[in-house]
Amino acid sequence: NMTIRGYPDNGKGMLLRRGTAANFYNIIVTGFGEGQIDFDDLATFENAGTPSALTGELTMESSLIYGDKLFEDMEEPEEPWSVQDWYNAQNNINPRDPVLNEDGTLTK
């Protein structure tokens, strides 16, 4: 469980790079101006698999990603697919506004 809250001039929320392999559960990422999630380098893409054939080595489940810009567009020609396609293939993803208080807690 994790909440990552930024502001429009804070860059990216999650930059998964150098072959990241992780299973993220119950996270919120919101408020970053350059995108909430970005993958960097082919090893990270390989760990994720493809949006139609996930490997299970890089997943996100029961999570909420919200903001004006959710994902960094495909930046490099060698990126095999978009991070948004990977995200959309995950389980129990919610695109709604988390409505966080100033201290980062959820508004009831």
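**Entry 1: Phe 39.** I began with Phe 39 and looked up its contacts, that is, heavy atoms within 4.5 Å. Leaving aside residues up to four places away in sequence, I found that Phe 39 touches Leu 16, Thr 44, Phe 45, Ala 48, Leu 58, Glu 79, Trp 81, Val 83 and Trp 86. I also noted that Phe 39, Phe 45, Trp 81 and Trp 86 form one aromatic cluster.

**Entry 2: the model.** I record that this is a predicted model, in which local features need pLDDT of at least 70 and side-chain atom pairs count only at pLDDT 80 or more, while totals for chains, interfaces and linings use all residues. Residues are numbered from 1 along each chain as its sequence is written, and side-chain values use heavy atoms, with hydrogens and water left out.

**Entry 3: the chain.** I read helices (H or I, at least four residues) and strands (E, at least two) as DSSP runs, numbered from the N terminus. The chain has 2 helices and 9 strands, in the order β-β-β-β-β-α-β-β-β-α-β. Of its 108 residues, 37% count as buried, meaning under 20% relative accessible area with a 1.4 Å probe, protein chains only. Among contacts with a separation of 6 or more, 70% come from residues 24 or more positions apart.

**Entry 4: the core.** Of its 19 residues, Met 14, Ile 37, Phe 39, Met 60 and Trp 86 touch the most other members. Elements that give two or more residues to this core include strand S2 (14-17), strand S5 (37-40) and helix H2 (83-88).

**Entry 5: strand S2.** Which residues form the covered face of S2? I found Met 14 and Leu 16 there, with Leu 15 and Arg 17 on the uncovered face. In a regular strand the side chains alternate between the two faces of the sheet. S2 and S5 run parallel and are joined by 4 bridges; strands pair if DSSP finds at least two bridges between them. Leu 15 stands opposite Asp 38 in S5.

**Entry 6: aromatic pairs.** I searched for rings of Phe, Tyr and Trp (its six-membered ring) with centres within 6.5 Å, where planes under 30 degrees apart count as stacked, over 60 as edge-to-face and the rest as tilted. The whole structure holds 5 such pairs. Phe 71 and Tyr 87 make a tilted pair, because their ring centres are 5.1 Å apart and their planes stand at 55 degrees. Phe 71 lies in the loop between S8 and H2, and Tyr 87 lies in helix H2, 16 residues apart. Phe 71 has 7% relative accessibility and so counts as buried; Tyr 87, at 4%, is therefore also buried.

Note on methods: Buried < 20%, exposed > 50% of the residue type's maximum accessible area, 1.4 Å probe, protein only. Core = buried A, V, L, I, M, F, W, Y, C linked by side-chain atoms within 4.5 Å.
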